[in-house]
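Look over the sequence and the model, then read on.

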2 protein chains.
Amino acid sequence: MLEINPYLDEIEISVIRKISEACTKYKNISGDKCLINLTIGEPDLPQPKIIKEDVANYIVEAKLGYSQLGGIIELREEIAKYYKDKYDIDIKADEIIVTVGSTEGLSTAIKTVVLPGDEVIAPLPIYPGYEPLIIMAGAKLVKVETKDDGYELTVEKLKEFVNKKTKAIILNYPSNPSGVIISKKNRDDILNFAKENNLYIISDEVYSEIIFEGEHNSFLQNGYRENVILVNGFSKSHSLTGWRIGYLISSKKLRDYLLKVHQYTVTSASIISQKGALVALNKCSCIDEQIGIYRERAMKVYSRLKEAGVSAIKPKGAIYIFVSIGEGNSLEFAEKLLESERVAVVPGVAFGMDNFIRLSLVSDLDELLEATDRIIEFINSPRV
Amino acid sequence: MLEINPYLDEIEISVIRKISEACTKYKNISGDKCLINLTIGEPDLPQPKIIKEDVANYIVEAKLGYSQLGGIIELREEIAKYYKDKYDIDIKADEIIVTVGSTEGLSTAIKTVVLPGDEVIAPLPIYPGYEPLIIMAGAKLVKVETKDDGYELTVEKLKEFVNKKTKAIILNYPSNPSGVIISKKNRDDILNFAKENNLYIISDEVYSEIIFEGEHNSFLQNGYRENVILVNGFSKSHSLTGWRIGYLISSKKLRDYLLKVHQYTVTSASIISQKGALVALNKCSCIDEQIGIYRERAMKVYSRLKEAGVSAIKPKGAIYIFVSIGEGNSLEFAEKLLESERVAVVPGVAFGMDNFIRLSLVSDLDELLEATDRIIEFINSPRV
């Protein structure tokens, strides 16, 4: 018999996909309530027109040959400038790798530093894309409860789970699905602890631009960043999802290793998408307006839930709201909600928390509030 | 100390890059012979205009959101149709994954089937992108001499190297760097042997469209293809190098596993590049003219070398010619050739054969023949 990588059998079909597939059953049933799909993690706000126009011209006029290794220098310099302007951090172009979206960045980071037998720690709730990469590296994901600390990872909690097998900590603030951001203190404590104990910090900051309240505390801002690998991308900030464009920032020394993995895995990101990212950084101050829209949605949905006595984690960033369903089986809840109310949500179990559901804030406000009302009614109705 | 994946230390900086870097030294020295760079594996023929124009319109008009998992269905159906029309093979859309160039296809294939401790067999000369992927998988590359069989792998030779650790065979016909194609008989013998011994065939057929003599024998054509993973792409056939677009074809069962690796490594290929590939298949019968140009270059360079008594492998496809330098150190040869004749070539050692150099056929004919003359002069001149 042909043998296949046995780790791959441990990776299950995502719960998100199960719900998406169930959705198709309820589409366009005439005389029925319209289906509202809140499962999608893709911004609904359009891609900036200037990016599309500039890139269309570029395609016609440019050679579109192989990219420089690790990404075109113009884009890497512009990313460095962005971090200088926004966070006052000095990053050099040769500390940046342009990746095929943040997914490839994550995959490359994990393949570079995580070895078979290692443990990787991450706080709950957790984005479901991390565990498969950790499994494929032959390592083990250790999930840490953070409810008592407002869903932020603290160094005290972290210490309980660190042992000599621990290699890295994966963090995702602003968080998908909770919208929680991390405080300066927690960030610095975790960084200091990681420094003392030779642990990598893989910081997925893909929602860094979408902040409703407080400020984003990047893991690059602390000054010490020898063991930090920052993952970011343009899918959420500029809605460039289908373009597959993101980046990694690390020390130069670490970058030399990350680059080997990146190069042999994908050669480079598409040169066209790299141009799109360059235009995004050069010409799109359009983000503020966009954040305003997400903020209004988040606050209005949160308020409506609160008024009805349904508890949720108040999002401070990202494009989701994580809603408590009390005790329960979140997949069953999501299936029944879809069946009786025609609202599709992602079961919290996908993020390691079975007593929650995730609503995406990427529909217009009216639709979101209509869905929220249906969810409230469903939660408050007597169920068998 | 921070620990890094130790396999990455085994991966050296490519010899190709060393020569490229040495090239920059000799650029634009006034009063000097002009530099002719034959190291590049990138087609010089322009990308078809129709692809650029259609994709530019698509960018302006389409949503450019996330791709369907494994690639948009229109493109996968068009690839299937292409294999039906060209080879009369029945491939289904759900046996295809659209990848980030053929590199990601290779990387995904190897990660899916090759495990730590495995051995992977490949004939010499060998494309230098394979070994790093095999090393990263914790496996060992076993290189097989093929000189006595006209640089084709035969089943007899293969048998000498197969043991119980052997997991897969990687083949690359038409070959980079030799331009050799594989005969039907050798292909079928190898396939039958692989079938009997539960070995995977990873067939990199990225030069399948560029044939000068004879015909391309795809590993999918044999009828039995349960253990075949075909890797292909649009970089060489349609010059779409910077677009990063390719595909994998396998059995449906194997595809389910390949898809997990692909999805968690890159999410998908750029939706823009997917559109480019779709236009390439739909509207570009322009390839024939292009092949004619490569064929003329190959034949004229080959003849000129032959006339001068310099032996080379006669290329039957691809975009290279592999030239014998007798005994010797090919890196030193390439460095001296660059120094004294201002011609940059890739040392054969990069392909596991130190008594050869590789010339790319991606410069215009006059320049190629000028470079050939300089190489002949260099080979025939007395050296210290």
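## Strand β8 of chain B and its surroundings

Val231(B) stands opposite Leu248(B), a residue of β8(B). Strand β7 (residues 228-233) of chain B and β8(B) run antiparallel and are joined by 4 bridges. Strand β2 (residues 96-99) of chain B also runs antiparallel to β8(B), again with 4 bridges. There, Ile96(B) has Ile249(B) as its bridge partner in β8(B). Two strands count as paired if DSSP finds at least two bridges between them. Strands (E, at least two residues) and helices (H or I, at least four) are DSSP runs, numbered from the N terminus.

This is a predicted model, in which local features need pLDDT of at least 70, side-chain atom pairs count only at pLDDT 80 or more, and totals for chains, interfaces and linings use all residues. Residues are numbered from 1 along each chain as its sequence is written, while chains are lettered from A and ligands numbered from 1 in the order in which they are written.

Are the two faces of β8(B) buried or exposed? Strand β8 (residues 246-249) of chain B is covered on both faces. Gly246(B) and Leu248(B) are buried on one side, Tyr247(B) and Ile249(B) on the other. Buried means that 20 or more other C-beta atoms, placed from the backbone, lie within 10 Å of the residue's own.

**Two chains**

Residues are in contact if their C-beta atoms, placed from the backbone, lie within 7 Å.

**Two domains in chain A**

An automatic or database assignment sets the domain bounds. Domain 1 of chain A covers 7-46 + 287-379, and domain 2 covers 64-283. Their centres, over C-alpha atoms, are 26 Å apart. The contact involves 30 residues of each domain.

These elements of chain A each supply at least two residues to the domain 1 side:

| Element | Residues |
|---|---|
| α1(A) | residues 7-10 |
| α11(A) | residues 287-307 |
| β10(A) | residues 320-324 |
| β13(A) | residues 356-360 |

α11(A) gives the most to this side, with 5 residues.

Key
A residue is buried if 20 or more other C-beta atoms lie within 10 Å of its own, exposed if 12 or fewer, and partly exposed in between; C-beta atoms are placed from the backbone. Two residues are in contact if their C-beta atoms, placed from the backbone, lie within 7 Å.
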